[in-house]
Each structure stands twice: as structure tokens, then as C-alpha cells.
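This briefing sets out the fold, the core, selected residues and the charged pairs of one protein. Please read it alongside the sequence and the structure.

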Amino acid sequence: MRMRNPLHRKKLQLALRAFSTKTVEKSSELDYIWVARWLDDIGLPQYKDQFHEARVDGRMIQYLTVNDLFESKGHQSAPHLSIKCAIHVLHVNKFNPNCLRRRPGEERNPSPSEVVQWSNHRVMEWLRSVDLAEFAPNLRGSGVHGGLIILEPRFSSETLALLLNIPPQKTLLRRHLATAFSALVGAQAAQEKREYANATGHVPLTTTAKVKPKKLGFTQFSHLRKRKQDDSLDYICPMDTGAVAVNGGSPPPSAALKGLSPPRQADQQEDEVETGAQTGSKH
């Protein structure tokens, strides 16, 4: 069977693996038509044609890798982060097809665990509720949804102002947005975002940054026959996100998606200390 599209091959491989292992996954119940609606919900309708052509379904979303997105013409880091956070929300909600909130409910002061489930359209409705209706249409096709706002530490009010095309000289508008944004994300996420912004070597989130595909180095070719490559290391979103959820709500950004953003210097030092301690204990 000749398949030119590598995503078609991956879909077949995943289906065969599920059949041979008799594994039943909730994500397998979500077809490629649902994925098209999901892309609308997370604010990335521009990917619908590529995903539809590849027949990307829920199971493929669960096992999506960086290189898979490159096959779908995804080269910018912002859509990668958007999809990563959106998949995380699916994991936490056990791939419930209706977990995203599209319309305003009765909540007056939504908690972060509710905001994390907001769709792109729901975020635009929130902008209208805080008197920023004229800028709301600018979020179409931006990939901004509740999961990205809450879970990505680098996504700040400045990032949102940039996406909304609010000019820097409109300081009062930006200050108003910053106040509303802080109230929306909650104290814990706001503190996390401030720590990332003030960290040494902080790289702001931009709409123009590119993602590089993972390449196989020459040193790895000799090991291909000796060991099976672990694709789980390349997944857009890790599989064990449910372990950090608390009472079904949204976990803290640092615990939920550590590794989503470039690590802060403090995080790197902690990891080095921990690694050194483990090495010392072995000796």
C-alpha cells in the first residue's frame, strides 16, 4: 500500500496498534470532522484544510508530534503552543468532545479552572464584556483560547495587547486590559507569568518565532536497529497530564506544562542540583 502523505501512514499505524493491543482510547471516538470543529474552537481555522486532507482524527491529535505539525504546514511557534495547550485540556477532560465552552454561562467571576476551557469565541465574548469589543475580531485565527491564556507562562497581557493590535501609545487601554487580564487568570497564574517575565534570559512570546523540526543526527542512525525509538518524547503534549490535575480543575502552569516554554534559569539550576544529587546517591 503506497501512501504519499506520512500522516495517512501514521493514522493507519495507530489504528493497527490499537487493534493488535485491543486498546480502547476515548480519543478514538473523535473523527476528523470533530477535529475541524475543534480547530475552529481553539482559533486555528487556517489549519482545517491540511488536517482534513490528512484525515487527522482524535487519536492522531493525542499522538501528534512537532514533525506532524510540519507536515501540516505549521512552522510558527505560536500555533504549536496553542495546539499543545488545547491538547492538554483534552487530556485533563479525558477527551470529552464537549469540554470547551463556546458561549458565556451564568458565571460572573469565572475561576481559572473554568477559563482554561474557554474557546476562542468565548475569549472574544470576554473582551466585549470588559469594553474591548472593537478589538475582539482581531483574535480570529490567532490561536488564542482559555487553555493558552492560563497554561502558557509566557502568555501575558502584553502578548494579548500585541495580538489585539492595541497601539503601545494607548497606555490607558493597555492598562485596562492588564487589570482585566490579571483578574481573569487569577493570582497563581498571574504570579507565574510575572516570574517568567522577570527571569534572566526571558524570551517574550511573539507571533513571528519559528519552530525547527526535529532532525535525526548521524550518531542516532547506528542505534536504530538496536533499539526502538521512543516517539513519546516528541509528542506536542505529554501523556501524563492527568496526574497533575487537582480535583478535575486546571493544574498550575508550572506543574502542568513544565517544558512548554523555554526553562527559566532558576528552573535549570534546580534541575542541575537535582541531577547532581541523584548522581551522588548512586555513588
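Two residues are in contact, or touch, when heavy atoms lie within 4.5 Å. The model is predicted: local features need pLDDT of at least 70, side-chain atom pairs count only at pLDDT 80 or more, and totals for chains, interfaces and linings use all residues. Residues are numbered from 1 along each chain as its sequence is written, and side-chain values use heavy atoms, with hydrogens and water left out.

**Overall fold**

- The protein contains 14 helices and zero strands, where helices (H or I, at least four residues) and strands (E, at least two) are DSSP runs numbered from the N terminus.
- Of its 283 residues, 42% count as buried; buried means under 20% relative accessible area, exposed over 50%, and partly exposed in between (1.4 Å probe, protein chains only).
- Among contacts in the protein with a separation of 6 or more, 72% are between residues 24 or more positions apart.
- The accessible surface comes to about 16,300 Å², and carbon and sulfur atoms account for 51% of that area; accessible areas come from the Shrake-Rupley method with a 1.4 Å probe, and for residues only the protein chains shown count as cover.

**Nonpolar core**

- In soluble globular proteins, nonpolar side chains tend to be buried together.
- A nonpolar core is a set of buried Ala, Val, Leu, Ile, Met, Phe, Trp, Tyr and Cys residues joined through side-chain atoms within 4.5 Å.
- The largest nonpolar core has 62 residues, of which Trp 38, Ile 83, Trp 126, Leu 139, Phe 155 and Leu 177 touch the most other members.
- Two or more residues of this core come from each of helix 1 (6-21), helix 2, helix 4, helix 6 (77-92), helix 8, helix 9, helix 10 and helix 11.
- Phe 155 is in contact with Val 144, Leu 148, Ile 149, Leu 160, Leu 163, Phe 181, Lys 193 and Leu 205, leaving aside neighbours within four places in sequence.

**Helix 2**

- Trp 34, Val 35, Ala 36, Trp 38, Leu 39 and Asp 41 are buried in helix 2.
- These buried residues pack against helix 3 (48-53), helix 4, helix 6 and helix 8.
- At the start of helix 2, a side-chain oxygen of Asp 31 comes to within 3.2 Å of the backbone nitrogen of Ile 33.
- Gly 43, which follows helix 2, has a positive phi near 85 degrees.

**Helix 8**

- The buried residues in helix 8 (residues 120-129) are Asn 120, Arg 122, Val 123, Met 124, Trp 126 and Leu 127.
- Their packing partners are helix 2 (32-41), helix 9 (146-151), helix 10 (157-163) and helix 11 (171-198).
- Asp 131 follows helix 8 and has a positive phi, near 65 degrees.

- Arg 59 lies in helix 4 (residues 58-62) and counts as buried because its relative accessibility is 15%.
- Not counting residues up to four places away in sequence, Arg 59 touches Leu 14, Ala 15, Ala 18, Glu 25, Ser 27 and Ser 28.
- Arg 59 and Ser 27 are 32 residues apart in sequence, yet their C-alpha atoms are 4.9 Å apart in space.
- Ser 82 is placed in helix 6 and counts as buried, at 0% relative accessibility.
- A polar atom of the Ser 82 side chain lies 2.6 Å from the backbone oxygen of Gly 143.

**Salt bridges**

- Side chains of opposite charge can pair when their charged atoms come close.
- The count comes to eight salt bridges, each being a side-chain nitrogen of Lys or Arg within 4 Å of a carboxyl oxygen of Asp or Glu.
- Lys 11 forms a salt bridge with Asp 57, with the closest N and O atoms 3.8 Å apart.
- Lys 11 lies in helix 1 and Asp 57 in the loop between helix 3 and helix 4, so this pair ties together parts that are 46 residues apart in sequence.
- Lys 11 is partly exposed at 25% relative accessibility, whereas Asp 57 is buried at 10%.
- Asp 40 and Lys 48 form a salt bridge whose closest N and O atoms are 2.9 Å apart; Asp 40 is partly exposed at 36% relative accessibility, and Lys 48 is partly exposed at 28%.
- Arg 128 and Glu 125 meet in a salt bridge of 3.3 Å, N to O, and both lie in helix 8, three residues apart, about one turn of the helix.

Technical notes
A polar contact is a pair of N or O atoms within 3.5 Å; within protein, one must be able to donate a hydrogen and the other to accept it, and residues adjacent in sequence count only if both atoms are side-chain atoms.
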